[in-house]
Amino acid sequence: MNSASAMRPSNLLPGGVAAVGALLGLGLLVFVRPPTAEEHRGTALQLWYTTGADESKPQAPVWFNESQDEIYIERVGLPFMQIEQKFLTSVVGNVAPDLFEYFGSVAQWSARGALLPLDEFMERDGFDRSRVFDSLWGEMTWEGKTFALPTGVGCDAFYWNKDHFREAGLDPEKPPATWDKLEEFAHKLVVRNEEGEMTRAGYIPGYWSPMSVSGYPIFLFWPAQLGAKFVSNDGRKVNLTSEACVQAMEWEAGLFRRLGGDDLVRMRNSFGYADQQGFISGQVSMIAQKNSFVQELRKFAPELDYGVSLFPVPEGGHPSTTFGPVWIGIPACAKHPEQAWEYIKFYTTDDIQTRSAAYAVDHDQVAFFPANKTAAQSPKQMSVPHMPVFIESMKWGTPTTVVPLAHTVFYREYALAWDNATLGKKTPRQALLDAETEIQRALEGQLDYAEFYRKHLEQETAMAEDRG
Amino acid sequence: MKLGKFLQRQAYDKEALAGYLFASPWIIGFVVFSLVPIALSFYYSFCRYDVLRPPMWVGLENYKTLFFDSPTFYHSIYNTLFFTVFRVPLVVVGSLLLAMLVTRERPGVRVVRTLYYLPSIVSGVALSVIWMWMYNPKYGLVNQLLASMGVPTPNLPEWLGSPKWSKTAIVLMGLWSIGGGRMIVFIAGLSSVPRHLYETAAIDGAGWWAQFRHVTLPQISSVLFLLTIVEIIGSFQVFTEAFIMTRGGPLNSTLFYNLDLYNKAFLDYEMGLASAMAWLLFAATLLITLFLFKVVGGRIYYEAAKPQ
């Protein structure tokens, strides 16, 4: 056979069909789920959770699977950077898992109809809400319905380096109790080298970790200490220009300049992650951090002598902290909501929460702070460094989600206002006003959309009733 | 005769069918994953849409918001233009100079070419992380170098931490990539310049600059033009560096157009607004490319088009 006859169309066609068939077959393989390694009986449910740096897996599903034969929970860990978008696409594609454990804003999902309301289940089975820290329920609800149950908490607290306090002649057991004391201590704790370059900062307003060079998390607890509300009671009007907000930012911006301005910028920009973090590396003496910071300190600076307390309070203010819950919910399109609820019920009992906490402590995962009050105060959990302070701070909590419908815009704009104010580009009032305008614009667009969606659902219901 | 034609036609159809069948995986993939989404994004640009809820028609509101109400829109355009204006010449001229150094066959030149090519293998994310350390104001190599040259500590730039220096820092990162694919294309272009032209020019007394100006440059003008256009389009889409290193800060000084678009699409779930931005970027890229073809295209020397 010569090459010309080999290329005749009649010869090409079967080859083409075979090639396409083979490709499609290979493509289909992608959709075939690999068999799970674990043998199981009963209905299989997937639980999606966020994997942390230690890649630990939640243990409650294992205990649940052992406790009965009807339902089998398969654990699927997803990296923090991907979980949100993967969950979003799974909901749109109607292939969402039956259980979703996540953190941050619940309303971001519930307002868009991605989560199932749990009130009926809770009422039917007499779920006792008082088992969980009260302040956490606000974030779980949307338009009067509960869409998730809190399982854990991340709350903020004030950390100080006791060795630095001793060096500076301060009492290592007495953290600053007021804003004025914070400034006074911060000045005393500064160390400079012979060239006058700052090698240690007492406190760097806004510094926490290098999420990126300028993506500073914002410290809402300062204005909250002065009574700031950030948004009207009906959630329709953003208010960042209240006296409390302006006063807190004026204080932060002024403090930033008084403590060194450019020196602080240079130091802050030189810090990295882990043992290069400012506080861990001993280059910052006081810092606002999450409760999970105790885990990092244990890992990267086990010798560091530090204390944890509530934040210093301004004159006439009250204590405050910000917290974000870890929660578990059932996606609206879940195939097995009843079975999923059975697991949630099991998982949120005092017994299992306490067991989970003990398991975490035994495995050196001290970052875990259970939302369940009994578990949080169990002897094992109380052995976590500074646990009483974190529990105390839950009385003064401000949720990190302030404007659920424009959550990301709120954070971005507030952080921008913070940068503008501390770097002296705008007055704190003007910076906050600009942020307020932008967040309000985003919020109004979302309110319109929510209204459109409500009407859309009403229409769908009416049409379904007509057909029925 | 008719039968012959019919059979010919049949064979032709069969061949065409086979061709389409072979191409079908790509065609299906292109239609499903590119063409339909592109068309839908145009529709969504007139809607409010967050993926989870059905799109709500808002007419031209997204475009109006961008042009009249968005504080970041013009800012991100300015940042992107700044980046393009400085990055394109830096990278194109840098690659050309490097290619000129390593085009002529000399002992060991292939090793040198490989060495210059190596940095471009590093992925954008890894590269950004490396440069974050290079730009560290206290411990970074760049400032250490400047300090060793006698720049006093308070005058050392903050690089990524300073609104004044952050864009420049990202532009300068382009130096890293001048040895990559662009250098290879220039080497190919330079190698194809006929030797006799240089010889003739040399006999006429042309020095290296005259040779470069009147022989090399016209001869490689098509390569230069192609790379400039590709680089401009690439610069309009700058994203990774800012996403990894600065998230657009400080003070939005590195908020490039695509990063702003990403924030709106995947943080705020404002897909309608993001789609409108994407279509505006497409229109701008198309217009600028057409403009360049119109203004510069006529002066470009294409060997195949103009036989000697």
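Biologist: Into which domains is chain B divided?

Modeller: The model is a predicted one. The centres of the two domains, taken over C-alpha atoms, are separated by 38 Å. The division of chain B is into domain 1 (2-44) and domain 2 (67-299).

Biologist: Which helix of chain B gives the most to the side that touches chain A?

Modeller: In this interface, 36 residues of chain B are in contact with 40 residues of chain A. Helix 1 (2-44) and helix 13 (257-267) of chain B each supply at least two residues of that side. With nine residues, the one that gives the most is helix 1 of chain B.

Biologist: How do the residues on the side of chain B that touches chain A divide into nonpolar, polar and charged?

Modeller: The side in question consists of the 36 residues of chain B in contact with chain A. They divide into 19 nonpolar, seven polar and 10 charged.

Biologist: Turning to chain A, what percentage of its residues is buried?

Modeller: Chain A has 20 helices and 12 strands, and its C-alpha trace spans about 90 × 70 × 50 Å along the principal axes. Among contacts in chain A with a separation of 6 or more, 74% join residues 24 or more positions apart. Of the 468 residues in chain A, the buried share is 46%.

Biologist: Is the crossing of helix 11 and helix 20 of chain A left-handed or right-handed, and which residues make the contact?

Modeller: The crossing of these two helices of chain A is right-handed. Helix 11 of chain A contributes C245(A), V246(A), M249(A), E250(A) and A253(A) to the contact. The contact residues of the two helices divide into six nonpolar, no polar and two charged. From helix 20 of chain A, the contact is made by P428(A), R429(A) and L432(A).

Biologist: What is the orientation of helix 9 and helix 10 of chain B to each other?

Modeller: Helix 9 (residues 195-203) and helix 10 (residues 208-219) of chain B have axes 10 Å apart and pack at an angle of about 135°. An angle over 145 degrees would count as roughly antiparallel. Helix 9 and helix 10 of chain B are therefore oblique.

Biologist: Which residues make the contact of helix 9 with helix 10 of chain B?

Modeller: Helix 9 of chain B passes helix 10 of chain B in a right-handed crossing. The contact residues divide into five nonpolar, two polar and no charged. They are L197(B), Y198(B) and A201(B) of helix 9 of chain B, with A210(B), Q211(B), H214(B) and V215(B) of helix 10 of chain B.

Biologist: Which strands are included in what covers the buried residues of helix 13 of chain A?

Modeller: In helix 13 (residues 293-300) of chain A, the residues F293(A), V294(A), Q295(A), E296(A) and L297(A) are buried. Their cover includes, in chain A, strand 6 (149-161), strand 9 (284-290) and strand 10 (306-309).

Biologist: Is F230(A) buried or exposed?

Modeller: F230(A) lies in the loop between helix 10 (221-225) and helix 11 of chain A. F230(A) has a positive phi of about 70°, although it is not a glycine. Because F230(A) has 20 C-beta neighbours inside 10 Å, F230(A) counts as buried.

Biologist: And W159(B), is that residue buried or exposed?

Modeller: W159(B) is found in the loop between helix 6 (141-148) and helix 7 (166-172) of chain B. W159(B) is not a glycine, yet has a positive phi of about 50°. Because 26 other C-beta atoms lie within 10 Å, W159(B) is buried.

Biologist: Is D180(A) buried or exposed?

Modeller: D180(A) is found in helix 9 (residues 179-189) of chain A. D180(A) and E315(A) are 135 residues apart in sequence and 8.8 Å apart in space, C-alpha to C-alpha. Because D180(A) has 12 C-beta neighbours inside 10 Å, D180(A) counts as exposed.

Note on methods
Residues numbered from 1 in each chain as written. Chains lettered and ligands numbered in written order. Predicted model: local features only at pLDDT ≥ 70, side-chain atom pairs only at ≥ 80, totals over all residues. Left-handed = near helix turned anticlockwise from the far one by under 90°. Helix = DSSP H or I, 4+ residues; strand = E, 2+ residues; numbered from the N terminus. Contact = placed C-beta atoms within 7 Å. Nonpolar A, V, L, I, M, F, W, Y, C, P; charged D, E, K, R; others polar. Domains from an automatic or database assignment. Axes fitted to C-alpha atoms, helices over the stretch in contact; angles between N-to-C directions. Parallel < 35°, antiparallel > 145°, perpendicular 65-115°, else oblique.
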